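Q: Could we go through this model together? I would like to begin with a single residue and then move on to the wider fold.

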Amino acid sequence: MPKKSYVIVMQTTIGKRYGTMTVEQEGQQVSGLIEILGHTQAFDGSVDETGNCCIKGQLISLTRTIPYIAEGNISPFALQLSLQGERNQFKITGRAVPESEAGT
């Protein structure tokens, strides 16, 4: 899968947070950037041939840095992740940005 951009929504205890995620897959390795809560952070991990993945990284909020491990599925059309932080678990869903809209 070439580099793909997604518009994402993260469900938190205080409501929905919106952002973007750029994913690049090379073989069974996956990496990219997640932009949410006003910050952009890198992540990396692994993915299998059906899109099941495990990624790790960190989110930065107004008050703290949150290391996480996320598991779920990434396809060329959508993503669903369950993100486990130090204290909380968050659900992230997203839809792929069409190639015609990427970079605009």
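Q: Where is E71 found?
A: E71 is found in strand 6, residues 65–74; strands here are DSSP runs of E with at least two residues, and helices are runs of H or I with at least four, numbered from the N terminus. This is a predicted model, in which local features need pLDDT of at least 70 and side-chain atom pairs count only at pLDDT 80 or more, while totals for chains, interfaces and linings use all residues. Residues are numbered from 1 along each chain as its sequence is written, and side-chain values use heavy atoms, with hydrogens and water left out.

Q: Is E71 buried or exposed?
A: E71 counts as exposed because its relative accessibility is 51%. Exposed means over 50% relative accessible area, buried under 20%, and partly exposed in between, with a 1.4 Å probe and protein chains only.

Q: Which residues is E71 in contact with, leaving aside its neighbours within four places in sequence?
A: Those residues are C53, C54, Q80, L81 and S82, where contact means heavy atoms within 4.5 Å. For S82, eleven residues along the chain from E71, the C-alpha separation is 5.4 Å.

Q: Turning to the pairing, how many bridges join strand 1 and strand 2?
A: Nine bridges join strand 1 (residues 4–12) and strand 2 (residues 15–26) in the antiparallel sense; strands pair if DSSP finds at least two bridges between them. Q11 has K16 in strand 2 as its bridge partner, and the hairpin of the two strands has two residues between them.

Q: And strand 2 with strand 3?
A: Strand 2 pairs with strand 3 (residues 29–36) over seven bridges, also antiparallel. M21 stands opposite I34 in strand 3. In the hairpin of these strands, G27 takes a positive phi near 65 degrees.

Q: Which residues touch the most other members of the largest nonpolar core?
A: M21 and I34 do, in a core of 23 residues. Such a core is a set of buried Ala, Val, Leu, Ile, Met, Phe, Trp, Tyr and Cys residues joined through side-chain atoms within 4.5 Å. Strand 6 gives the largest share, four residues.

Q: What is M21 in contact with, beyond four places in sequence?
A: Its contacts include Y6, I8, L33, I34, F43, I55, L79 and L81.
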